[in-house]
Amino acid sequence: FQFFNGFQIETIQDGFNSGKVYHFQASDKNECNEVVDLLINLANKAKNVTQQRDQFEKGRKYALMVYESIFFQITSALLILMNFGTNIYAAQMVHGSYFRENNSDMAVLDSLDLAFVVLFAVE
């Protein structure tokens with residue numbers, strides 16, 4: 001009776017290799033165990049990479065769903081209109097003496113402008 005130092009790998013039917021069977025033979029039991037351990041480690045690393053990619057893809061799909069939602073589009077349109085209105089107000093008031101006397105109002109407009117820049121960058 002002779003011990004066979006080998007193993008068999010069968011791929012999944014829906015996978016890249018479509019259910020093929022592969023046979024491997026090693027020179028001794030230790031080499032066989034080393035190859036099996038190496039293949040198990042490589043398979044686990046590949047699974048981790050796939051899981052991370054899947055999580056990233058789920059996040060992208062969720063972000064796209066949120067971005068294309070009616071609520072988000074209406075909110076974006078309102079922000080654009082508010083920014084436009086703020087810019088019109090600031091352009092009309094800068095030429096008058098109002099802002100020369102009320103620096104706090106100019107600071108409010110500067111803060112609003114910064115807030116709009118940040119919100120549009122996040123968008």
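The model is predicted: local features require pLDDT of at least 70 and side-chain atom pairs count only at pLDDT 80 or more, whereas totals for chains, interfaces and linings use all residues. Residues are numbered from 1 along each chain as its sequence is written, and side-chain values use heavy atoms, with hydrogens and water left out.

**Confidence**
- The chain has a mean pLDDT of 85, and 90% of its residues reach 70 or more; pLDDT is the predictor's confidence in each residue, from 0 to 100.
- Among the elements of the chain, helix 1 has the highest mean pLDDT (90) and helix 3 (residues 98-101) the lowest (60).
- Helices (H or I, at least four residues) and strands (E, at least two) are DSSP runs, numbered from the N terminus.
- Where pLDDT is low, predicted coordinates should not be read in detail.

**Surface patches**
- Patches consist of residues with over 30% relative accessible area and no salt bridge, like charges being joined within 9 Å and nonpolar side chains (Val, Leu, Ile, Met, Phe, Trp, Tyr) within 5 Å.
- Accessible areas come from the Shrake-Rupley method with a 1.4 Å probe, and for residues only the protein chains shown count as cover.
- A nonpolar patch on the surface is formed by Ile 9, Tyr 22, Phe 24, Val 35, Leu 38, Leu 39 and Leu 42, with about 540 Å² of accessible area together.
- Strand 2 (21-25) and helix 1 are the elements that give two or more residues to this patch, and helix 1 gives the most, with four residues.
- Ile 9 lies in strand 1 (residues 6-10) and is partly exposed at 31% relative accessibility; buried means under 20% relative accessible area, exposed over 50%, and partly exposed in between (1.4 Å probe, protein chains only).
- Asp 28, Glu 31, Glu 34 and Asp 37 form a negative surface patch; Asp and Glu count as negative, Lys and Arg as positive, and His and the chain ends are not counted.
- Asp 37, in helix 1 (residues 29-67), is partly exposed, with a relative accessible area of 46%.

**Salt bridge**
- The structure holds one salt bridge, defined as a side-chain nitrogen of Lys or Arg within 4 Å of a carboxyl oxygen of Asp or Glu.
- The bridge joins the side chains of Arg 60 and Glu 57 (3.3 Å, N to O).
- Arg 60 and Glu 57 are separated by about one helical turn, because they are three residues apart in helix 1.
- Both are partly exposed: Arg 60 has a relative accessible area of 48%, and Glu 57 has 31% relative accessibility.

- Tyr 89, found in helix 2 (residues 70-94), is partly exposed at 39% relative accessibility.
- Tyr 89 and Asn 17 are 66 Å apart in space, C-alpha to C-alpha, and 72 residues apart in sequence.

Terms used: The place of a charge is taken as NZ of Lys, CZ of Arg, CG of Asp or CD of Glu.
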